[in-house]
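This report describes a predicted model. Please look over the sequence and the structure before reading on.

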Amino acid sequence: MYESNTMTNILPQSSGFNQAGGAWRSTEDLIECTRDMVSVEKQVVFGGFLFDDDSNDYFLESHGVPTPDLYWKVVIRFFKSKDTKPDVIAWVFPNSYDSSDKNLNKRFPDEEGYLLSIAELQNVVGSDEQLLEIPDAFSETAFDKGRTWVKPPCRREPASKPTPVPDFDIVSGDEL
């Protein structure tokens, strides 16, 4: 969490994108609520951004910061059972007010959604060193099923000790 609160982690985001109902915010909530699942050893989260349109660089002159046109995010979920392959999910989001959580369960680009496979993400972003963190053997259950992981009930109170969250089927949302 410390790394997300540094000056180097600041890029302009469109209003609504990282607020309630926004795509980025919804993935942040999902990650927060799934990290304490009983079967999960750890989750590794990383992402990046792409520039391809100079017309929206509103902060370039005043702050020297171009505005990203796309953001992307990858989550690798490692399980306590070494018999279970890590599960990976990836999204690409337009930096737009219209980037809604409603598009998290649609595939990119065919369904005009944000969910994509790691192979597709590599085609979109090119060779990014962060993608080397992805294990050689992994599953992509979310992409295979065509929907983002289900967010379990969050049992986390602000400023309190985390409470383990029971495991949930990441597709159906049923408690295991």
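## The helix and its buried residues

In this predicted model, the residues of H1 that count as buried are Ala-23, Trp-24, Ser-26, Thr-27, Leu-30, Ile-31, Cys-33 and Thr-34. These buried residues pack against three strands, namely S1 (40–50), S2 (70–79) and S3 (87–94). In an α-helix there are 3.6 residues a turn, so residues three or four places apart point the same way.

Helix H1 itself covers residues 23–34, twelve residues in total, and spans 17 Å from its first C-alpha to its last, which is close to the 16 Å expected at 1.5 Å a residue.

The strands form an open sheet of four, arranged in the order S1-S2-S3-S4 with antiparallel pairing. Its edge strands are S1 and S4 (115–116), each of which pairs on one side only. H1 packs on this sheet, where it touches S1, S2 and S3, and the direction of H1 makes about 10 degrees with that of S2.

Between S1 and S2, which run antiparallel, there are ten bridges, and Val-40 stands opposite Phe-79 in S2.

## A buried asparagine in a loop

Asn-56 lies in the loop between S1 and helix H2 (60–63), and it counts as buried because its relative accessibility is 13%, where buried means under 20%. Leaving aside residues up to four places away in sequence, Asn-56 touches Thr-67, Pro-68 and Asp-69. Asn-56 and Thr-67 are eleven residues apart along the chain, and their C-alpha atoms are separated by 6.4 Å.

Methods. Residues are numbered from 1 along each chain as its sequence is written. This is a predicted model: local features need pLDDT of at least 70, side-chain atom pairs count only at pLDDT 80 or more; totals for chains, interfaces and linings use all residues. Side-chain values use heavy atoms; hydrogens and water are left out. Helices (H or I, at least four residues) and strands (E, at least two) are DSSP runs, numbered from the N terminus. The expected span of a helix is 1.5 Å times one less than its number of residues. Buried means under 20% relative accessible area, exposed over 50%, partly exposed in between (1.4 Å probe, protein chains only). Contact means heavy atoms within 4.5 Å. Two strands pair if DSSP finds at least two bridges between them. Axes are lines fitted to C-alpha atoms, for helices over the stretch in contact, and angles run from 0 to 180 degrees between N-to-C directions.
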